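Here is a short briefing on one protein chain. Look over the sequence and the 3D view, then work through the points below.

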Amino acid sequence: MLNIVWIILVVISSVFIMVSGKTDFTLVLQSGIESATELSLSLIGIMAFWGGFMEIAEQSGITEIFSKILSPIIKPIFPELKNDQSSKRAISMNITANLLGLGNAATPLGVEAMRRMNANNPDKSRATDSMATFVVINTASVQLVPVTTAVLRAKYGSEEPMAILPAVLASSLAALLVGLIVDRALRREKL
């Protein structure tokens, strides 16, 4: 379904570009392809780096340390994972990357956490409660240090790129709280 929507959007956009006559279609197409290629290459690099970091962290025991530090938070939020240390470690690494405001660097760690949780999922066609909760936490993206946003603000001339810190922290904590309340209220099975 998403593929069909994507094709429709591309066709409609292309028709409007050609009909408006304000822009050369081939220049717009070339510019879009260049931007997409640059973005893909930059994401591949960062995802490869964090994928490798996750593997090194796991083999060296760093993930176990983060898992123990975050255990008092993770246990009550993910009670279904009480015996799944592998998923808890991956969740810990993802939450840590989000707390540090590493943006796209948290993505491969989140994908790995979902893969590990899905390994024990009896119904692969449906997300477990833990998987849904994890999506809520990632969507809220609580950041103690919004590095990516601060770098962008500095790049575009902000004199105080970290001035957004209180607003980012307050809004992401509020989003997390509301998300977790709604998540618990909508659970299929009450704990």
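Start with helix α5. Its buried residues are Ala106, Pro108, Leu109, Gly110, Glu112, Ala113, Arg116 and Met117. Keep in mind that this is a predicted model.

**Helix lengths**

- Helix α5 covers residues 106-119, which makes 14 residues. At 1.5 Å a residue, α5 should span 20 Å.
- Helix α1 covers residues 2-20, which makes 19 residues. The same rule of 1.5 Å a residue gives α1 a span of 27 Å. Its end C-alpha atoms are 27 Å apart, so α1 agrees with the rule too.
- Gly21 follows α1. The phi of Gly21 is positive, near 70 degrees.

**The whole chain**

- How many helices and how many strands does the protein chain have? There are eight helices and zero strands.
- From the N terminus on, the order of elements reads α-α-α-α-α-α-α-α.
- The chain has 191 residues, and for that number the globule rule gives a radius of gyration of 16 Å. The radius of gyration of this chain is 20 Å, well over that value, so the chain is more spread out than a compact globule.
- Along the principal axes, the C-alpha atoms fill a box of roughly 60 × 45 × 35 Å.
- Take the contacts between residues at least 6 apart in sequence: 63% of them join residues at least 24 apart.

**Surface and charge**

- Of the 191 residues, 29% count as buried.
- The chain exposes about 12,300 Å². Carbon and sulfur atoms supply 69% of that area.
- There are 16 positive and 15 negative side chains. The centres of the two sets lie 8 Å apart.

**Arg89 in helix α4**

- Arg89 sits in α4, which runs over residues 85-99.
- Is Arg89 buried or exposed? Its relative accessible area is 16%, and the cut-off for buried is under 20%, so Arg89 is buried.
- Which residues does Arg89 touch, not counting those up to four places away in sequence? They are Glu58, Thr63, Glu64 and Ser67.

**The loop between α6 and α7**

- Leu144 lies in this loop, which has α6 (129-140) on one side and α7 (147-155) on the other.
- With a relative accessible area of 47%, Leu144 is partly exposed.
- Leaving aside neighbours within four places in sequence, Leu144 is in contact with Leu99, Leu165 and Leu169.
- Leu144 and Glu159 are 15 residues apart along the chain. Their C-alpha atoms are separated by 20 Å.
- Ser141 is also found in the loop between α6 and α7. At 18% relative accessible area, Ser141 is buried.
- The phi of Ser141 is near 45 degrees, a positive value in a residue other than glycine.

**The loop between α3 and α4**

- Pro79 is found in the loop between α3 (62-77) and α4.
- Pro79 has 28% relative accessibility and counts as partly exposed.
- How far apart are Pro79 and Asp129 in sequence, and what is the C-alpha to C-alpha distance in space? The two are 50 residues apart in sequence and 9.8 Å apart in space.

How values were computed
Residues are numbered from 1 along each chain as its sequence is written. This is a predicted model: local features need pLDDT of at least 70, side-chain atom pairs count only at pLDDT 80 or more; totals for chains, interfaces and linings use all residues. Side-chain values use heavy atoms; hydrogens and water are left out. Helices (H or I, at least four residues) and strands (E, at least two) are DSSP runs, numbered from the N terminus. The radius of gyration is taken over C-alpha atoms; the globule rule is 2.2 Å times the number of residues to the power 0.38. Buried means under 20% relative accessible area, exposed over 50%, partly exposed in between (1.4 Å probe, protein chains only). Contact means heavy atoms within 4.5 Å. Accessible areas come from the Shrake-Rupley method with a 1.4 Å probe; for residues, only the protein chains shown count as cover. Lys and Arg count as positive and Asp and Glu as negative; His and the chain ends are not counted. The place of a charge is taken as NZ of Lys, CZ of Arg, CG of Asp or CD of Glu. The expected span of a helix is 1.5 Å times one less than its number of residues.
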